[in-house]
Every structure is written in C-alpha cells, then in structure tokens.
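Please read the following report on one protein model with its sequence and structure open beside you.

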Amino acid sequence: MAISNEKEQNKYQSTRGGEKGLSSLEAVLKGISTDGGLFVPYYIEKEKYNDLKKLFLNNATDKVEATYEQVAFEIMKTFFTDLEEEELKVCIGRAYTDKFEVKVKNNFLELYHGPTCAFKDGALLFLPQLMTEARRKLNFQNEIVILTATSGDTGKAALEGFKDIAGLKVIVFYPKNGVSKIQEMQMRTQRGNNVDVVSIDGNFDDAQKGVKEIFNDKKFNEFIEKSGYSLSSANSINVGRLIPQIVYYFYGYFQMVNKGDISLDEKINIVVPTGNFGNILAAYYGKIMGLPINKLICASNENNVLTDFFETGVYDKRRELILTQSPSMDILVSSNLERLIYEVSGRNSEIVNNLMNDLQERSIYSIPTELKSKFTDFWGGYATEEEVYASIKKVYEEKNYVIDTHTAVAQVVYEKYKHNTGDTTVPLIASTASPFKFPESICKALGILQGEKDFALLDLLSEKCDLDIPDSLEELDKLPVLHSTECRKDEMRDTIKKLLNL
Ligand SMILES: *Cc1c(COP(=O)(O)O)cnc(C)c1O
C-alpha cells in the first residue's frame with residue numbers, strides 16, 4: 001500500500017497475526033480479534049505533534065489555542081478514517097461537550113471531571129457514539145451487547161456512556177468484594193433501559209478472564225448471533241477505548257505550555273497509575289506521534305507485576321492478587337501490554353503468540369533477550385499502601401491539594417523515579433479519579449477519620465478540605481438500588497442468557 005493510502009484508509013490488524021485489513025469501525029465493533037489478539041492501527045501518524053502546532057499555535061502569544069474537541073478531532077481523524085470528518089465531529093461533540101473537561105493543576109493531569117469522576121469517561125463517552133456510527137455505516141442489524149469486566153471504574157463509565165442508546169446494551173460484571181462502596185453504589189443505582197449490572201463471586205482477573213473466554217467461545221457467540229445480538233467489549237482491549245485516551249496527553253501538554261510550566265517542545269515525563277496498561281499505552285502512542293515525552297513512568301500498587309517486568313523482562317503473574325486502596329489497579333494480567341510488545345518487537349506476531357501462549361499455559365513469560373533493551377521509554381515502580389497514605393497527606397500539606405489513592409500511587413512512584421535517576425524533567429502525573437470516589441482512604445490518610453462511614457465521608461472530606469462534592473456522587477445515597485443480580489464465575493454465560501431473555 002502506498003503511504004497516502006495508509007493515511008487515508010487506516011486499517012486494523014490483530015497483534016497475533018490472525019486477522020488484518022479491518023476498517024476501524026469493524027475493529028471497534030468486534031472488540032477483540034477471533035485469534036485472541038488485540039486490534040491495533042496499521043498507521044500511526046508520526047508528525048501529529050508538529051501538525052497540531054502548525055494548526056493551533058498562535059505566534060503572537062506563543063499559546064496553543066485549541067479546545068479539547070479540536071484536539072480530539074485532529075488526533076482521532078487519523079485513526080477513524082472510515083468516518084467522514086463531519087460524522088467524527090458530531091461524535092466528538094455528543095461525547096464531550098458540556099460533559100468532560102481536562103485540567104492541569106500542580107503538574108497533575110486531572111482526568112476526572114466527567115460524569116463518573118474517573119478518567120475512563122474520556123474514552124467511554126466517545127465509544128458508544130462511535131459504535132452507533134459503526135452500526136449505521138456498516139448496516140449492522142444485530143443489537144450490540146457490551147460485556148464488561150470492571151475493577152470499579154470502567155463499569156460505571158460504560159453504563160453512563162451507553163445508557164439509553166438505541167441498538168446497544170451493556171452488561172457489567174464486577175468482583176463482589178473488589179470495588180469500593182461508592183463504586184458499587186454508582187453501578188447498582190444506574191438508570192437506563194439497556195443496562196445490567198452483575199456482581200461475581202471472584203476477583204477482577206476472574207471477571208476479565210470470564211469475559212475474554214466468552215468472547216472466544218465460538219458456540220456461544222453463534223447462539224447469541226442467531227438470537228439477534230452480537231457481543232462486543234468496552235474494556236481497554238477495545239481499540240476504540242485506547243485512541244480517545246491519546247487526546248488528553250496532547251491537550252494536557254498544550255495546557256502546560258500555555259501556563260508556562262514548560263516551553264514549547266520541551267520534553268516532559270508522563271507518570272501513569274497503571275492497571276490494565278491502557279492509559280499509559282495511550283501516552284506511548286502519543287510519544288510515537290511526536291509528543292515531546294522523555295520517559296513514561298509506569299506506576300503500580302502492591303500488585304507490582306509490571307514493575308518486575310520492566311526491571312527483568314519477565315512477566316510473572318504467579319502471585320496472589322492483593323486488594324489495595326487503589327482497586328482499579330488491582331490487576332495481575334495487564335492486557336494492553338500485548339500491544340506494547342507488538343510495537344516494540346517490530347510488530348512481530350510470532351513473538352506475541354509465543355509469549356501469550358506461555359502466559360496462558362504457564363502464567364509466566366520472558367521477553368527474548370534481544371528485545372529486552374527496547375523498553376527504555378519506560379520506567380516501572382510501585383507504591384506500598386503506607387507510601388500511598390503518606391503521599392496523600394504530604395501533597396495536601398505542601399500544596400493544599402487532595403489527590404486520590406490511584407493518583408497517589410503515581411506520585412509515590414514519580415518521587416522514587418526522581419530519587420533513583422536524578423532526572424528532573426518536568427512531570428505530568430495522570431490524576432485518574434476524584435478523591436471523592438475513595439473518601440474513606442483519603443480521610444484516613446489525612447488523619448481526619450473519626451468512624452464516619454460511606455456517604456458521611458463525602459461531607460467530612462468536603463468540609464475538612466473545603467472542596468465541593470461532585471454532583472453525581474452527592475445524590476448517590478438518595479437513588480434507589482436497581483441492580484442486584486449475582487453470579488458465580490462459572491455461571492456468566494447463563495447469566496447473560498437470562499438477562500437477554502434467551
Ligand atoms: C482504570 C483505572 C486505572 C488504571 O488504568 P489502566 O488503563 O487500566 O492502566 C487507574 N486509576 C483509575 C482511577 C482507574 O479507574
């Protein structure tokens with residue numbers, strides 16, 4: 001294919017080599033490839049940062065003048081080439097305008113000013129718009145059922161994004177004892193005529209594994225298809241999740257330039273609290289696209305599989321999952337790492353297949369020696385629970401600024417990075433959730449907890465720190481519980497059938 005064709009018609013392929021040549025909308029509707037791999041775009045525009053500068057830099061003021069929607073349009077049009085520009089603009093407007101905002105404060109990239117108070121809104125407000133267009137343009141008859149496994153935040157963000165959208169349904173599975181009270185209430189009170197929420201008797205990895213197995217179960221999918229439904233995914237294995245997340249790294253960088261935190265073209269370090277490796281992978285794509293990034297710092301909690309991976313090249317999930325105060329990162333299998341390995345290996349599906357087979361069969365894999373030196377864009381570290389608490393307190397005392405537990409993991413790891421390497425490059429730290437989503441941990445860290453429980457904690461945090469409770473959380477305890485389905489981890493298929501009346 002000639003370069004101009006690739007640019008005009010970006011195609012998608014599986015990391016495992018079994019499927020290629022899909023249009024972006026086909027890849028988004030399918031969610032995961034039939035060979036078990038993840039879809040990735042064939043073409044990644046390396047000059048995007050320069051293009052954006054040319055478009056939006058005001059030479060008189062040295063400021064980059066672009067709205068979030070404008071940056072989103074410029075980034076996403078290179079990936080979703082089978083949408084007309086006008087269609088893409090409509091999707092972006094419907095997704096974000098008056099619903100989602102990104103701010104930079106104290107070197108934190110605040111990604112939680114959306115309906116569910118966590119960064120996942122950034123992609124999950126957009127994905128249903130994209131899927132609706134995909135159904136229309138591909139003349140897709142079946143109703144699409146989004147199956148989602150959640151460690152807390154994806155579920156709610158998917159429910160909010162997809163609720164009441166015609167032709168789409170959502171079923172969310174969450175681990176019964178693996179999400180916070182607020183997260184659980186957010187999901188169980190969800191309104192909408194096309195949404196279901198199920199708690200499963202297991203942890204997040206059980207839920208994710210169950211969903212993946214269902215996607216790969218040919219017989220079950222045939223049965224579902226015959227009944228007028230098609231399964232798809234809103235987890236970050238869907239490439240339609242990944243791409244919208246690139247946008248805020250560009251937007252955040254430009255905000256830093258405009259505020260004078262950095263000069264134009266100055267390199268920054270990006271620090272991301274990581275679970276499934278989706279959010280940090282989006283930053284890596286940003287780097288490929290020319291965004292001036294020095295290091296990508298991968299921050300884990302005590303489930304530190306990725307820290308070990310970046311240190312040794314060995315991915316070893318043979319350990320107990322630890323339930324931490326940052327539940328959205330309590331993950332042992334970081335699915336999106338597969339996409340990084342694919343890129344770093346020069347898009348070598350054979351290597352990816354071997355490693356993923358090892359993971360499946362032995363729960364461990366080791367990067368081939370010649371590849372080990374190619375992960376130098378990344379630095380991995382982790383934070384203990386005590387360090388997280390101490391960091392929340394320290395940041396509050398020094399900056400009068402409250403961060404949530406996930407963001408604190410990133411803050412701790414950034415401090416370790418600086419200490420270990422002496423690198424003083426300006427950081428941008430992804431702040432992935434509002435502190436009001438995890439109020440008990442935050443109040444405890446700040447030493448203001450006096451036995452308050454659940455919703456009383458919101459008021460406590462609000463009063464002591466002089467912060468407004470986000471509207472969507474403030475009303476939560478007054479909403480009726482609408483979902484109470486439970487299932488064992490070996491019952492997920494039956495539960496889906498029941499919910500679809502099959
Ligand atoms: C999902 C989530 C993360 C982890 O993001 P990944 O893309 O899975 O790495 C971190 N923080 C919060 C608050 C989240 O909801």
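In this report, helices (H or I, at least four residues) and strands (E, at least two) are DSSP runs, numbered from the N terminus. The model is a predicted one, and every value below was computed from it.

Is asparagine 235 buried or exposed? Its relative accessible area is 6%, and because buried means under 20% relative accessible area, asparagine 235 counts as buried. When its neighbours within four places in sequence are left aside, asparagine 235 is in contact with Leu147, Thr148, Ala149, Gln208 and Arg241. One of these residues, alanine 149, has its backbone oxygen 2.9 Å from a polar atom of the side chain of asparagine 235. Along the chain, asparagine 235 and leucine 264 are 29 residues apart, and their C-alpha atoms are separated by 34 Å.

Asparagine 279 belongs to helix α13 (residues 278-288), and it is buried, with a relative accessible area of 6%. Its side chain is joined to that of tyrosine 249 by a polar contact of 3.0 Å. Not counting residues up to four places away in sequence, asparagine 279 touches Leu111, Phe119, Gln245, Tyr248, Tyr249, Val272, Ala430 and Thr432.

**The ligand**

Which residues are closest to the ligand? Of the 15 residues that surround it, the closest are Lys120, Asp153, Gly275, Asn276 and Thr432. Thr432 is also among the residues that asparagine 279 touches.

| Residue | Part of the residue | Distance to a ligand oxygen atom |
|---|---|---|
| Asparagine 276 | polar backbone atom | 2.7 Å |
| Glycine 278 | backbone N or O atom | 3.2 Å |
| Serine 328 | polar side-chain atom | 3.5 Å |

Taken alone, the ligand exposes 390 Å², and the protein buries 98% of that area. The space that the ligand takes is the largest cavity.

**Helix α14 and its surroundings**

Helix α14 covers residues 305-312, and within this helix Val305, Leu306, Thr307, Phe309 and Phe310 are buried. What do these buried residues pack against? Their partners are the strands β13 (293-300), β14 (314-316), β15 (364-366) and β16 (378-382), together with the helix α15 (337-344). An α-helix has 3.6 residues a turn, so residues three or four places apart point the same way. Just after α14 comes glycine 313, which takes a positive phi of about 80°.

Methods:
Residues are numbered from 1 along each chain as its sequence is written. This is a predicted model: local features need pLDDT of at least 70, side-chain atom pairs count only at pLDDT 80 or more; totals for chains, interfaces and linings use all residues. Side-chain values use heavy atoms; hydrogens and water are left out. Buried means under 20% relative accessible area, exposed over 50%, partly exposed in between (1.4 Å probe, protein chains only). A polar contact is a pair of N or O atoms within 3.5 Å; within protein, one must be able to donate a hydrogen and the other to accept it, and residues adjacent in sequence count only if both atoms are side-chain atoms. Contact means heavy atoms within 4.5 Å. A residue is near a molecule or strand if one of its heavy atoms lies within 4 Å of it. Accessible areas come from the Shrake-Rupley method with a 1.4 Å probe; for residues, only the protein chains shown count as cover. On a 1 Å grid over the protein atoms alone, a cavity is a set of points where a 1.4 Å probe fits but cannot get out, and a pocket is an open set with protein on both sides within 12 Å along at least five of seven lines; lining residues have an atom within 4 Å of a point. A molecule sits in a cavity or pocket if more than half of its atoms lie within 2 Å of its grid points.
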